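Subject: Structure handover

Hello,

Here is the structure I promised to pass on. Please open it next to this email and follow along.

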Amino acid sequence: MKLTIMQIHLTAFAKNFPFLSASLSLRQLKLFLCLIVIGAGFCWPLFSAQANGLSGLEPAVTRSQQIPVATNPAEVIPGLNKSPFTLAQQIGLSGSQFAEFLTALDSAKPLTAKRGESLSDMLQRVGVDRSTSRELVSSISKSYNVKNLRAGQQVHLLMTPSAGPNKGNFMGLLIPASLERNVMVVRQPDEQFQVLDLKRPVSRNLRLATITINDSLYEDGAEAKVPANILNELVKTLSYDIDFQRDIHEGDRFDLLYEEQVNDEGRLVRNGGLQYVSYTIDGETKRVYRFNDGDRAEFYLENGEALRRSLMRTPIDGARLSSGYGMRFHPVLGYSRMHRGVDFAAPVGTPIYAAGDGTVAYAGRFSGYGNYVKIKHDNNYQTAYGHMKGFANNIRVGAKVRQGQVIGYVGRTGIATGPHLHYEIYVKNEQVNPLSVKAVGNAKLSGNKLTLFRGQQKDLTRTLAELKKLPGQRLALAK
Ligand SMILES: [Zn+2]
């Protein structure tokens with residue numbers, strides 16, 4: 001008899017729960033339910049003990065099927081990867097109630113929220129009594145804010161085919177709570193509601209999108225259905241190379257590859273980062289690839305040159321250049337002398353960034369420079385920062401810093417007429433003009449890293465060729 005109960009019609013279940021099953025094959029669902037049923041079968045003595053004294057309802061078994069057996073439930077439904085034993089125990093259903101539960105799933109009915117209707121109102125509309133509906137709402141509130149339920153949203157009712165007169169045949173419901181999770185509420189044998197948080201499977205795709213400029217990058221990007229955060233990343237990435245305000249014209253083109261994560265209904269859950277961009281500006285095409293050199297991920301041109309400059313010319317935000325490089329009359333000292341750096345006027349406390357990756361070579365008072373930091377970079381470059389109010393945490397000799405990391409704050413220590421950053425760049429210990437340093441080029445990959453980059457570039461080129469043939473230019477990634 002137990003085996004017969006297990007063979008409950010599953011096909012209708014899949015039809016009734018497209019949100020659970022859209023991206024899963026019917027076969028996978030069967031496998032999953034089969035596992036639950038088998039799990040319940042193993043736990044039968046446990047359930048039977050629990051079921052003593054409860055109404056022994058016989059489920060309506062309408063059809064039996066051959067059910068295949070899966071070995072690993074995690075492979076069947078990613079979001080429901082608990083063992084069937086655990087799931088069955090969590091729901092707290094004993095043998096016959098468990099079978100009823102499966103039947104209820106099988107015949108679940110969608111119920112649509114009307115304008116101004118609460119979840120409790122909805123349940124009462126379909127005949128669930130007031131106290132039961134209130135009880136359900138109160139038990140669900142820890143997992144789901146029922147106020148988030150909007151007009152037009154659907155919940156799925158679980159009704160048992162038969163039940164005692166006082167219980168009604170309401171067993172629970174399932175709410176698609178978000179793109180990534182469902183909340184299921186099931187009435188246990190003791191009449192209490194059990195709330196289960198069920199993650200929905202999310203899969204990853206690569207998408208190749210093309211933006212051709214007609215109006216502006218943002219308008220044309222939106223038309224190409226490229227999400228705003230990807231557009232922002234695109235602008236941030238390419239602004240080392242192009243000026244988006246001046247260089248972009250009608251007919252320019254961007255092909256961008258990025259990851260998107262979609263749920264079982266194919267709805268976008270979130271975007272992964274940008275992977276690759278091919279851009280054609282005024283007839284000239286460049287390609288950039290995201291590559292992690294083991295230290296950080298950034299974009300490189302085909303030849304292995306980084307888009308990012310290895311040193312920033314202005315290691316501070318929103319500052320005004322107040323004094324350039326060269327001879328000048330020093331307002332405090334009262335005579336002319338060479339100014340071997342540039343000054344950026346900014347309010348006291350404005351963060352100062354490390355201009356490039358490197359190691360702190362000096363951090364402390366340094367005569368007229370006041371609080372002063374010097375950083376040693378690759379290729380015989382050094383940068384120095386003067387008149388700081390103070391240093392950021394952990395900025396001391398020997399500390400490793402990253403480009404853009406805050407190293408200190410604008411002040412007016414040492415000989416200074418007002419708060420500003422005095423910034424210097426040294427090449428082989430010689431001071432140079434930071435604003436005209438052509439030598440401060442971009443980082444380049446070499447050796448093993450370059451070999452690795454070339455390999456990834458080759459793989460990506462293959463992927464792109466494959467993608468271009470696919471509908472919607474989308475490629476599913478392995479889990
Ligand atoms: Zn200065």
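**What was found**

Helix H11 (217–223), strand S7 (253–263) and strand S8 (268–281) are what the buried residues of H12 pack against. Contact here puts the C-beta atoms of two residues, placed from the backbone, within 7 Å. Helices (H or I, at least four residues) and strands (E, at least two) are DSSP runs, numbered from the N terminus.

A word on the source. This is a predicted model: local features need pLDDT of at least 70, side-chain atom pairs count only at pLDDT 80 or more, and totals for chains, interfaces and linings use all residues. Residues are numbered from 1 along each chain as its sequence is written.

**Helix H12**

H12 spans residues 228–238, and its buried residues are Ile230, Leu231, Leu234 and Leu238. They line one face of the helix, because they fall within an arc of 100 degrees seen down the axis of H12. The arc is taken from the directions from the helix axis to the C-beta atoms. Ala228 and Lys236 are exposed, on the face turned away from the buried side. Buried means 20 or more other C-beta atoms within 10 Å of a residue's own, exposed means 12 or fewer, and partly exposed lies in between; C-beta atoms are placed from the backbone.

H10 covers residues 130–140; Ser133, Leu136 and Ile140 are buried. Seen down the axis of H10, these residues fall within an arc of 60 degrees, so they line one face of the helix. Arg130, Ser131 and Ser138 are exposed on the other side. The buried residues of H10 pack against helix H9 (119–125), strand S4 (181–187) and strand S5 (193–199). H10 lies across S3, S4 and S5, at about 45 degrees to S5. Axes are lines fitted to C-alpha atoms, for helices over the stretch in contact; angles run from 0 to 180 degrees between N-to-C directions.

The open sheet has five strands in the order S1-S2-S3-S4-S5, with antiparallel pairing. Its edge strands are S1 (109–112) and S5, each pairing on one side only. Two strands pair if DSSP finds at least two bridges between them. S3 (residues 170–176) and S4 run antiparallel, joined by five bridges. Leu174 has Met184 in S4 as its bridge partner.

**Gly441**

Gly441 sits in the loop between strand S23 (430–432) and strand S24 (442–444). Gly441 is partly exposed, because 13 other C-beta atoms lie within 10 Å. Its C-alpha atom is 9.4 Å from that of Glu305, 136 residues apart along the chain.

Best wishes
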